[in-house]
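Please open the model in a viewer and keep the selection tool at hand.

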Amino acid sequence: MLQPYRCADETRSARSWCLRVGIRLAVDVGSTRIGVARCDPDGLLASPLTTIRRGRGDLDSLAALVAAHGAIEVLVGLPTGLSGREGAAAADARAFAASLAARIAPLPLRLVDERFTTVMAHEALREGGRRERARRPVVDRAAAALILQGALDTERSTGHPPGELVGSAPGAGG
């Protein structure tokens, strides 16, 4: 259930809006793996959580994570090109998001721009000394953390939940 806006002293400044209180999960949907990240209840920091193998049972696994963490919202990365055009990967992400939204209803699910997050995650892991083979299992959850942090920062700066609401979640706003 969405809660009213409440600002903790750490999440408010003269130039920022309040964030909704509650844990959010973000999902980076890949062809073989799904990266998952979560934030703290005050929405300050996104952290990588886990990676789920794509395929049978993935929606059940994600729904279980949503319930276990008491998430107020789920964000799914929408891959678009530099021009903003959507290709096959975006269509796949939209279809996956629609299925997940139906599975976790009435919890709101939003599609948010994920341009460059996987590239940035690979770069950060490479700079951290991870070889390519060691990056594969963690890059998706790192990308999900980047998606979530971007969404938190957007909400903090605008006062509105970011992205495109999928389905119709009562009281989700947007």
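The tour goes from a helix pair to one residue in it, and then to a peptide bond.

The model is predicted, so local features require pLDDT of at least 70 and side-chain atom pairs pLDDT 80 or more, while totals for chains, interfaces and linings use all residues. Residues are numbered from 1 along each chain as its sequence is written, and side-chain values use heavy atoms, with hydrogens and water left out.

**Helix pair.** Select residues 58-69, helix 1, and residues 88-104, helix 2 (helices are DSSP runs of H or I, at least four residues, and strands are runs of E, at least two, numbered from the N terminus). These helices pack at an angle of about 50°, and their axes lie 10 Å apart (axes are lines fitted to C-alpha atoms over the stretch in contact; angles run from 0 to 180 degrees between N-to-C directions). Their crossing is right-handed (the near helix is turned clockwise from the far one by less than a right angle).

**Contact residues.** Next, display Asp-58, Leu-59, Asp-60, Leu-62, Ala-63 and Val-66 of helix 1, which meet Phe-96, Ser-99, Leu-100, Arg-103 and Ile-104 of helix 2 (contact means heavy atoms within 4.5 Å).

**Asp-58.** Centre on Asp-58, in helix 1. Asp-58 counts as buried because its relative accessibility is 9% (buried means under 20% relative accessible area, with a 1.4 Å probe and protein chains only). Leaving aside residues up to four places away in sequence, Asp-58 touches Ile-34, Ile-52, Arg-53 and Phe-96.

**Cis peptide.** Finally, select Ala-105 and Pro-106, joined by a cis peptide bond with omega of about 10°. Most peptide bonds are trans. Pro-106 is in the loop between helix 2 and strand 5 (109-113).

Methods:
Buried < 20%, exposed > 50% of the residue type's maximum accessible area, 1.4 Å probe, protein only.
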